[in-house]
Amino acid sequence: MLEIVEVKTKKQQKEFLEFPLRLYRGNPYFVPPLYEDEKKIFNKDYVYLDVCEAVYYLAYINGKVAGRISGILQKSSNELRQEKRVRFTRFDAINSRKVAAALFNAVEKWAVEKGMDTVCGPLGFSDLEREGLLVEGFDQLSTFEEQYNADYYQDLIEYCGYKKEVDWIECKIRLPEDEGRELQVLSDFVMNRYHLHFGKADTVQEFLDKYNEQFFALLDQAYSSIYGAVPFTEGMKNMLMDNFKFIIDLNHIAVILDENEDLVCMGLCFPSIAKAVQKSYGHLTPLAIKRLIHDIRHPKVLDLGLVAASPEYINKGVVSVIAAELARMLREDGVEYAETNLNLEDNYAIRNLWKRFDAEQHKRRRAYVKTLTAPVEETGQEE
C-alpha cells in the first residue's frame, strides 16, 4: 500500500534525511550534503523561514520509505517576479511513476492551498542551495555544491506533467595550451584601460571585514535577473560568511576594485570536498574531518563558486580578469581542473569565456515548471 505522509516527527525527519543516503549507497558519483547542515531545515529558526514556508513529504510502500519531496513557498522570489510559485526540492524516489505522482500531487495540493498557480524546480530556498535535475552526466562525480540523481528521475518528473523551463551547463576547465598567456594579456589590458586593481587581504577575517558589505551588494545587483536568485537576507549573509571561514583560501579569490576602492568584480573558487564527505555519507567523523582538512589545504580540483560583476563593467571584459586568475590557480597550485558548476545555457558570455580554456561540457541540469490546471491523478497502477 502506498501512503504519503507529511513529515512531523523526529523519526520522520530522520527518514527524510537518510532516504537518499540509502538510495545511493555504493553509488560512486553521489555526494551527500553535510548531514548536520541538512538537519537544520527542520529547525524552527532555520535561516530561510523569515521569507519562506516549507513542507516535507515521505512516500511509504508497506511501511518502507520509497520517496521524499519538499515544497517551498519562496515569498521573496514571488514578490520580486510577481509570480505565484511553489518550488519543489529534495525529490528522491525509487523508480516508480506511482510514487512520483503521489509525491508531486501532495506538493501541488499544498501549493493550491497557499494560493499558488505554478510549481517549478528542483530549486531550493535560494540559489545557494542545490538546484537543477541532472539530465546528462550520470557517470560523473557530483560536486559538493550540487545534487546527484539517477537517470530515471527525468521520466518520473515529466510523467507528472512537468516541462523544461531552463537548462544549466557544467564544464570541466583545464589550462589551455598556452597556459593562459592570452588570457593574461587580455586581463592586463582591461585592468590598465579601466584603472582597476586587485583588492588585498592578509587573512580570511580581514577579507570578510573589508569586502563583506560590497560583496553582497554586488551579488544582489548582478544576480537580480538570474533565474531562481533571491535577495540576500541578513541570515543568509551570516550563514555564507560562516561557511567561507571554513573552506575559503585567499589564493582562490579575485577581488577587483576601481579607482575609488569600489568593488566591480569578484570571483571565488573552493577546493573540492566531494570525495572527502562521500565516504562518511556527509557525517563529520574524525576521519572525515581529517580528509576535509587535507583536501582544503591540498586541492586537486577547484569548484567555481560565486562570480559577480557590476553591470557597468560586464561589457568591458572584466570577467576575463577572473578567467586569467583561474588560469593562474590551475597553473600554480597543481590543480588538475576546475568545475564550473551551473551556467545557464543561454549565458553565452560565460560559455564563450570557457572556450579560451581546454573545456569539456560533462553535465547538464534542468529546471521544470508546471501550471496547476490539471494535477497528476494517482491511478494506483505502476507504469
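Which residue forms a salt bridge with R364, the closest N and O atoms being 3.5 Å apart? The partner is E136.

## Basis of the model

This is a predicted model, in which local features need pLDDT of at least 70 and side-chain atom pairs count only at pLDDT 80 or more, while totals for chains, interfaces and linings use all residues. Residues are numbered from 1 along each chain as its sequence is written, and side-chain values use heavy atoms, with hydrogens and water left out.

## Pairing of strand β7

Helices (H or I, at least four residues) and strands (E, at least two) are DSSP runs numbered from the N terminus. Two strands pair if DSSP finds at least two bridges between them. Strand β7 (residues 163-174) runs antiparallel to strand β14 (residues 358-371), and 11 bridges join them. Within this pairing, W168 has R365 as its bridge partner in β14.

β7 also pairs with strand β13 (residues 343-344), in the antiparallel sense, over 2 bridges. Here W168 stands opposite L344. Strand β12 (residues 337-339) is likewise antiparallel to β7 and is joined to it by 2 bridges; in β12, A338 is the residue opposite I173.

## Salt bridges

A salt bridge is counted where a side-chain nitrogen of Lys or Arg is within 4 Å of a carboxyl oxygen of Asp or Glu. The count by this rule comes to 28. Residues are called buried under 20% relative accessible area, exposed over 50%, and partly exposed in between (1.4 Å probe, protein chains only).

R364 and E136 form one of these salt bridges, with 3.5 Å between the closest N and O atoms. R364 belongs to strand β14 and E136 to strand β6 (residues 133-136), so this contact ties together parts that are 228 residues apart in sequence. R364 is buried, at 14% relative accessible area, whereas E136 is partly exposed, at 38%. The side chain of R364 also meets that of E345 in a salt bridge (3.0 Å, N to O). E345 lies in the loop between β13 and α13 (348-354), so here the linked parts are 19 residues apart in sequence. E345 is partly exposed, with a relative accessible area of 22%. Salt bridges link E136, K164, D167, E345, R364 and R366 in a network.

E170 and R365 form a further salt bridge, at 2.5 Å from N to O. E170 is in strand β7 and R365 in strand β14, so the pair connects parts 195 residues apart in sequence. Both residues are buried.

## Second largest pocket

A pocket is defined on a 1 Å grid over the protein atoms alone, as an open set of points where a 1.4 Å probe fits, with protein on both sides within 12 Å along at least five of seven lines; lining residues have an atom within 4 Å of a point. The second largest pocket holds about 310 Å³ of space. It is lined by 18 residues, and those closest to its centre are L141, S272, K275, V301 and Y337. Two or more lining residues come from each of α9, α10, β11 (301-309) and β12.

## Nonpolar surface patch

L284, I289 and I293 make up a nonpolar patch on the surface, with about 240 Å² of accessible area together. L284 sits in the loop between α9 (274-278) and α10 (286-297). Its relative accessibility is 44%, so L284 counts as partly exposed. Patch residues have over 30% relative accessible area and no salt bridge; nonpolar side chains (Val, Leu, Ile, Met, Phe, Trp, Tyr) are joined within 5 Å and like charges within 9 Å. Accessible areas come from the Shrake-Rupley method with a 1.4 Å probe; for residues, only the protein chains shown count as cover.

Key:
Grid points are joined across faces, edges and corners, and a volume is the space filled by probe spheres set on the points.
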